[in-house]
Amino acid sequence: EDVLSKDAGECAICLEELQQGDTIARLPCLCIYHKGQVFLRVHMKLQRVTFIGCIDEWFEVNRSCPEHPSD
């Protein structure tokens with residue numbers, strides 16, 4: 001488990017800020033994303049709520065870095 005030691009901009013998956021103390025995943029390309037955090041997303045048309053887990057959910061359907069798909 002890796003914890004962010006200082007603020008690091010925006011997560012390219014959820015677009016939330018990466019803040020000091022957040023649990024992160026650091027990929028071999030050195031990109032970092034939230035890991036294990038849960039963000040609330042509301043679907044207005046469907047009137048339902050889902051929970052998103054950033055890199056964990058990304059890797060359920062993808063096998064590469066969101067910012068470096070050719071790596």
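Helices (H or I, at least four residues) and strands (E, at least two) are DSSP runs, numbered from the N terminus. The structure described here is a predicted model, in which local features need pLDDT of at least 70, side-chain atom pairs count only at pLDDT 80 or more, and totals for chains, interfaces and linings use all residues. Residues are numbered from 1 along each chain as its sequence is written, and side-chain values use heavy atoms, with hydrogens and water left out.

The protein chain contains one helix and four strands. Along the sequence, these elements follow the pattern β-β-β-β-α. Accessible areas were computed with the Shrake-Rupley method and a 1.4 Å probe; for residues, only the protein chains shown count as cover. The protein chain exposes about 5,200 Å². Carbon and sulfur atoms supply 50% of that area. Residues are called buried under 20% relative accessible area, exposed over 50%, and partly exposed in between (1.4 Å probe, protein chains only). Of the 71 residues in the protein chain, 28% are buried. Contact means heavy atoms within 4.5 Å. Among contacts between residues at least 6 apart in sequence, 22% join residues at least 24 apart.

An unreviewed UniProt entry carries the annotation "domain: RING-type" for residues 10–34. UniProt positions are given in the numbering used here, feature names are shortened, and annotations may be inferred rather than shown by experiment. Over residues 10–34 the chain is 0% helix and 28% strand. The end C-alpha atoms of this stretch are 10 Å apart.

In soluble globular proteins, nonpolar side chains tend to be buried together. A nonpolar core is defined here as a set of buried Ala, Val, Leu, Ile, Met, Phe, Trp, Tyr and Cys residues joined through side-chain atoms within 4.5 Å. The largest such core has 13 residues. C11, L18 and Y33 have the most contacts inside it. Strands β2 (23–26) and β3 (32–43) each supply at least two residues of this core.

H34 lies in strand β3. This histidine is buried, with a relative accessible area of 1%. Polar contacts are pairs of N or O atoms within 3.5 Å; within protein, one must be able to donate a hydrogen and the other to accept it, and residues adjacent in sequence count only if both atoms are side-chain atoms. The side chains of H34 and D22 are joined by a polar contact of 3.2 Å. A polar atom of the H34 side chain also lies 3.3 Å from the backbone oxygen of E17.

Strand β2 also includes T23. T23 is partly exposed, at a relative accessible area of 21%. T23 and D2 are 21 residues apart in sequence, yet their C-alpha atoms are 5.8 Å apart.

A salt bridge is a side-chain nitrogen of Lys or Arg within 4 Å of a carboxyl oxygen of Asp or Glu. By this rule there are two salt bridges. One joins R26 and D2, with the closest N and O atoms 3.0 Å apart. This pair links distant parts of the chain: R26 is in strand β2 and D2 in strand β1, 24 residues apart. R26 is partly exposed, with a relative accessible area of 46%. D2 is partly exposed, with a value of 27%. Another salt bridge joins K35 and D56, whose closest N and O atoms are 2.7 Å apart. K35 lies in strand β3 and D56 in helix α1 (residues 55–61), so the pair ties together parts that are 21 residues apart in sequence. K35 counts as partly exposed, at 38% relative accessibility. D56 is partly exposed, with a relative accessible area of 29%.

Backbone angles were also examined. Most residues other than glycine have a negative phi, and most peptide bonds are trans. L15 has a positive phi, near 70°. This leucine lies in the loop between β1 (2–3) and β2. L15 is exposed, with a relative accessible area of 53%. L30 has a positive phi of about 80° and is not a glycine. The loop between β2 and β3 holds L30. L30 is exposed, with a relative accessible area of 64%.
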